[in-house]
Each structure stands twice: as C-alpha cells, then as structure tokens.
Amino acid sequence: MILELKIETQLVNWNEIAKMCWSSDKNKYGRTKKRQQLFIKHEIRNQIDVENYFGKNNTTVYYEWHTSTHLDLGNMTAGEKFIADSINELELWDDDRYIQEIKHKRVVDDENYVIVRIKGAKKK
C-alpha cells in the first residue's frame, strides 16, 4: 500500500531551528513545532480518512521537497520530524519507530510544498 500526502507549506528549516537554540525565548521551538504540526494535521485530514493504515508494519517514507528557495536538501529536511510526529498524533501508523527507510528528493519549483509517500503493508 502507498499513501500519498501533500503538505502545502514551507516548513521550518535547520537554520531556523539553530537560531531558536540560541534564542532567549526558551519556548519558541515548542510553539513553532505545535503550530507547524497543527497545520500539517489539518492538511492530512483534508486529504484522507484518518485511520491507522500501517499499524506496526515496517514502512518506507519518501519526501519530495518542492522549493522556490536556494536551501539545500539537508537544511530543508528539518520538517520531516514535524511531519512524522503529526502522523503519530493522527495514528496513521502505530509509531514512527517502524520506519525502516527514509528517502529525500529536492525539486526546484515555483511553490513550496512537500509530497510524502508512505509505503508499507496495510494493517490487518
């Protein structure tokens, strides 16, 4: 089974997270994570029925990062954790610890969004 999702936003990048680490505002990361995950979960709910698709089955997750910026792929992938945690909270799988492989691809585009493809056996 392959589940495909489109998250239509430019997620936080590693440069921004690093700045938060040096910020005097100790709650900035937590607020940012919560805000990003709220948006991600909203995007997912608008695309699919929320149910546990994969259970404890091993999965492979493919991220296709579409960007209009000059950010490198390593910098862009910070949003990966927010996406996986959002999927955990929605319980589309039992836990992201069952991810066995993660692949990333950067695509130069006029818009900023990420396509997430989750491949694995359907929950029985």
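1. A residue is called buried under 20% relative accessible area, exposed over 50%, and partly exposed in between, with a 1.4 Å probe and protein chains only. By that scale Asp94 is partly exposed, its relative accessible area being 34%. This is a predicted model, in which local features need pLDDT of at least 70 and side-chain atom pairs count only at pLDDT 80 or more, while totals for chains, interfaces and linings use all residues. Residues are numbered from 1 along each chain as its sequence is written, and side-chain values use heavy atoms, with hydrogens and water left out.

2. Helices (H or I, at least four residues) and strands (E, at least two) are DSSP runs numbered from the N terminus. Strand β2 covers residues 59-67, and because 8 of its 9 residues are buried, the strand is largely enclosed by the rest of the structure. Two strands are said to pair if DSSP finds at least two bridges between them. On one hand, β2 pairs with strand β3 (residues 99-108) in the parallel sense over 9 bridges, and there Thr59 stands opposite Ile99. On the other, β2 and strand β4 (residues 113-120) run antiparallel and are joined by 8 bridges, with Val114 of β4 as the bridge partner of Trp65.

3. The buried residues of α2 are Thr32, Gln36, Gln37, Ile40, Lys41, Glu43 and Ile44. Seen down the axis of α2, these buried residues fall within an arc of 160°, so they line one face of the helix; the arc is that of the directions from the helix axis to the C-beta atoms. The face of α2 turned away from the buried side carries the exposed residues Lys34, Arg35 and Leu38.

4. A salt bridge is taken as a side-chain nitrogen of Lys or Arg within 4 Å of a carboxyl oxygen of Asp or Glu, and by this rule the count comes to 9. One of them joins Lys41 to Glu89, with the closest N and O atoms 2.4 Å apart. Lys41 lies in α2 and Glu89 in helix α4 (residues 79-90), so the pair ties together parts that are 48 residues apart in sequence. Lys41 counts as buried at 14% relative accessibility, whereas Glu89, at 45%, counts as partly exposed.

5. Asp94 and Lys56 also meet through their side chains in a salt bridge, at 3.3 Å from N to O. Asp94 lies in the loop between α4 and β3 and Lys56 in the loop between α2 and β2, so this pair ties together parts that are 38 residues apart in sequence. Lys56 counts as exposed, at 55% relative accessibility. Lys33, Lys81, Asp85 and Asp96 are linked in a network of salt bridges.

6. A nonpolar core is a set of buried Ala, Val, Leu, Ile, Met, Phe, Trp, Tyr and Cys residues joined through side-chain atoms within 4.5 Å. The largest such core has 29 residues, and those with the most contacts inside it are Ile44, Ile83 and Val116. Its largest share, 5 residues, comes from α4.
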